[in-house]
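Please keep the sequence and the structure open beside the text while reading.

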Amino acid sequence: MEEEQESQIKVKVSDLTQYLICPRLVYFSARGLEQQGIAKGKERSMIESILLKELAFNLHTIRGMKDDEEDIKRVIEGIVDGVEWIYKEELKGVEKNFFEAVKTDFIRSQSMNVDEWLRKIRNENGLSKLEKAHGGYEREHTMVSVKLGMSGSVDKLIRAGEEVIPCMIKTGKCPEYSVWKSDRVQLAAYAMLIEEEFGTTVKRGFVEYIRSAEFRESQIRRRDKALALQILKRVKRIKGGVFPEKGENAPCDNCVFEEMCETKKTLLSKLFSRR
Ligand code: SF4
């Protein structure tokens with residue numbers, strides 16, 4: 001693809017994350033083929049992820065409370081109640097009764113060990129100290145780089161004097177040590193956007209693995225930036241029309257594009273087998 005044409009293709013940081021799961025997801029999504037709302041069979045886990053994410057945005061409130069279990073549960077209930085307004089688009093198509101049932105289960109803590117979780121949340125950690133010392137964080141700060149042809153909205157942006165620190169909320173599994181490789185790449189992409197907008201160097205970022213209440217700091221390394229840039233280029237090519245190979249660990253069994261993916265593969269192999 002011509003370089004000029006490639007530079008006009010807009011990429012979101014979330015496209016890079018999708019590429020790391022499976023490059024073909026980028027291809028199908030770019031063609032407007034994504035399923036609207038929540039994929040069938042995944043409603044409960046998606047709603048739980050949204051509820052957890054919203055809790056992560058409100059940890060300062062939970063941390064600032066006295067040790068009264070009932071009070072804490074009431075605050076959690078209040079946060080959870082706001083979710084249907086904040087995530088209206090994401091929850092489109094979810095039946096009201098089902099949503100209410102998931103919410104109730106969530107509050108009753110059937111999906112996590114709430115005492116242990118609360119204890120970990122309320123323990124001070126590097127991130128909570130930073131937030132406390134520098135007046136909290138800015139929620140979902142959006143950045144656009146014309147130079148990179150990339151935009152992104154980082155969950156939390158902390159301004160600690162001269163230092164600007166990206167922080168991402170993840171509702172999935174937490175790695176034993178440090179952060180997942182895909183999270184390092186995503187942090188590096190945000191770091192490049194921050195560096196351009198704020199004229200600074202980003203040395204570190206944080207990942208909140210909220211399900212297990214783990215808060216991990218990660219250094220922004222040159223090689224993560226290099227990988228993010230490499231993936232950015234590939235994503236632009238895919239968005240420009242190149243059908244990519246499937247990812248090494250592509251989660252095909254749970255993929256909404258499974259049928260389309262098979263059809264496309266068959267069509268391509270027929271085309272190339274013609275003499
Ligand atoms: S079906 Fe598999 S290869 Fe195709 S887009 Fe989905 S995850 Fe990727």
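With which side chain does the side chain of glutamate 208 make a polar contact? The partner is the side chain of lysine 156, at 2.8 Å. The model is a predicted one, and its protein chain comes to 12 helices and 6 strands. Of the 275 residues in that chain, 45% are buried. Among contacts between residues at least 6 apart in sequence, 72% join residues at least 24 apart.

**Ligand shell**

- The residues that surround the ligand are Cys22, Arg24, Leu25, Phe28, Lys246, Ala250, Pro251, Cys252, Cys255, Glu258 and Cys261.
- Two elements, helix H3 (23-30) and helix H12 (258-273), each give two or more residues to this shell, and the largest share, 3 residues, comes from H3.
- By residue class, the shell divides into 8 nonpolar and 3 charged residues, with no polar ones.

**Aromatic pairs**

- A search of the whole structure finds 5 aromatic pairs, one of which is formed by tyrosine 27 and phenylalanine 243, an edge-to-face arrangement with 4.9 Å from centre to centre and 75° between the planes.
- Tyrosine 27 lies in helix H3, whereas phenylalanine 243 lies in the loop between helix H11 (222-239) and H12, so this pair ties together parts that are 216 residues apart in sequence.
- Both members of this pair count as buried, tyrosine 27 at 8% relative accessibility and phenylalanine 243 at 17%.
- The rings of phenylalanine 57 and tyrosine 137 have centres 6.3 Å apart and planes at 35°, and the pair is therefore tilted.
- This pair also links distant parts of the chain, with phenylalanine 57 in helix H4 (residues 43-57) and tyrosine 137 in the loop between helix H9 (126-133) and S2, 80 residues apart; both residues are buried.
- One aromatic cluster is formed by Tyr27, Phe28, Phe243 and Phe257, and Phe28 is also one of the residues that surround the ligand.

- Strand S2 (residues 138-145) pairs with strand S3 (residues 150-160) in the antiparallel sense, over 7 bridges, and leucine 157 in S3 is the bridge partner of glutamate 138.
- The hairpin of these strands has 4 residues between them, and in this hairpin glycine 149 takes a positive phi near 70°.
- Serine 151 has its place in strand S3, and the C-alpha atom of serine 151 is separated by 7.4 Å from that of leucine 193, although the two residues are 42 residues apart along the chain.
- Not counting residues up to four places away in sequence, serine 151 touches Val11, Lys12, Val13, Met143, Val144 and Leu193.

- In helix H2 (residues 13-21), the residues Val13, Asp15, Leu16, Thr17 and Tyr19 are buried, and what covers the buried residues of H2 includes strand S1 (11-12), H3, S3, helix H10 (181-198) and H11.
- Serine 49 is found in helix H4 and counts as buried at 18% relative accessibility; leaving aside neighbours within four places in sequence, serine 49 is in contact with Thr171 and Arg211.
- Isoleucine 72 has its place in helix H6 (residues 69-86) and is buried, with a relative accessible area of 4%.
- With neighbours within four places in sequence left aside, isoleucine 72 is in contact with Ile62, Met65, Lys66, Leu118 and Arg122.

Conventions
Residues are numbered from 1 along each chain as its sequence is written. Side-chain values use heavy atoms; hydrogens and water are left out. A residue is near a molecule or strand if one of its heavy atoms lies within 4 Å of it. Ala, Val, Leu, Ile, Met, Phe, Trp, Tyr, Cys and Pro count as nonpolar, Asp, Glu, Lys and Arg as charged, and the others, Gly among them, as polar. A polar contact is a pair of N or O atoms within 3.5 Å; within protein, one must be able to donate a hydrogen and the other to accept it, and residues adjacent in sequence count only if both atoms are side-chain atoms. Two strands pair if DSSP finds at least two bridges between them. Contact means heavy atoms within 4.5 Å. Rings of Phe, Tyr and Trp (its six-membered ring) pair if their centres lie within 6.5 Å; planes under 30 degrees apart count as stacked, over 60 as edge-to-face and the rest as tilted. Buried means under 20% relative accessible area, exposed over 50%, partly exposed in between (1.4 Å probe, protein chains only).
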